[in-house]
Amino acid sequence: MGRNEKELKSVIDLKSVVSDTSENLNICKQYCGTCPSLPFSPNPYLFCARGCSSGNVEKKGCNCPGCPIYKNYRLGSLYFCETGKAEERRD
Ligand code: SF4
């Protein structure tokens, strides 16, 4: 692998930040599972790792900033259910 490819790979690695694990899913259920903006049950859960909601999002508040995953991965925006997978903050 050449230097440019390595640099590109490190950027891609940085961008896929939240792991889609059963442990993270269970944490998410405690937060997205009570979110006022999502239908219940919200699918596919773990929006910061899996992408957008399959149901309608009506913005009435976002529980993500209170979630340990949000803090652990230093996420920086809201409504991953609407915007899709999270990107890590680099500051
Ligand atoms: S940050 Fe939001 S979408 Fe991601 S696991 Fe936590 S509650 Fe779910």
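Which helices each supply at least two residues of the shell around the ligand? In this predicted model, the answer is α2 (22-31), α3 (47-50) and α4 (68-72). Of these contributions, the one from α2 is the largest share, at 3 residues. The shell counts 14 residues in total, and C28, Y31, C48, C64 and C67 come nearest to the ligand.

The largest nonpolar core is the next thing to look at. It holds 18 residues, and those touching the most other members are C32, L46, F47, C48 and F80. Two or more residues of this core come from each of α3, α4 and α5 (80-83), and α3 gives the most, with 3. In soluble globular proteins, nonpolar side chains do tend to be buried together. F47 shows how the chain meets itself here: once its neighbours within four places in sequence are set aside, F47 is still in contact with C32, C52, S53, F80 and C81.

Most peptide bonds are trans, and most residues other than glycine have a negative phi. Even so, F40 and S41 are joined by a cis peptide bond, with omega about -5°, and S41 sits in the loop between α2 and α3. A cis peptide bond also joins N43 and P44, this time with omega about 5°; P44 belongs to the loop between α2 and α3 as well. Y45, again in that loop, has a positive phi near 60° despite not being a glycine. Y45 counts as buried because 22 other C-beta atoms lie within 10 Å, and the cut-off for buried is 20 or more.

A positive phi turns up at Y79 too, at about 55°, and this residue is not a glycine either. Y79 is placed in the loop between α4 and α5. With 18 other C-beta atoms within 10 Å, Y79 comes out as partly exposed.

Note on methods
Residues are numbered from 1 along each chain as its sequence is written. This is a predicted model: local features need pLDDT of at least 70, side-chain atom pairs count only at pLDDT 80 or more; totals for chains, interfaces and linings use all residues. A residue is near a molecule or strand if its C-beta atom, placed from the backbone, lies within 6 Å of it. Helices (H or I, at least four residues) and strands (E, at least two) are DSSP runs, numbered from the N terminus. A nonpolar core is a set of buried Ala, Val, Leu, Ile, Met, Phe, Trp, Tyr and Cys residues joined through C-beta atoms within 7 Å. A residue is buried if 20 or more other C-beta atoms lie within 10 Å of its own, exposed if 12 or fewer, and partly exposed in between; C-beta atoms are placed from the backbone. Two residues are in contact if their C-beta atoms, placed from the backbone, lie within 7 Å.
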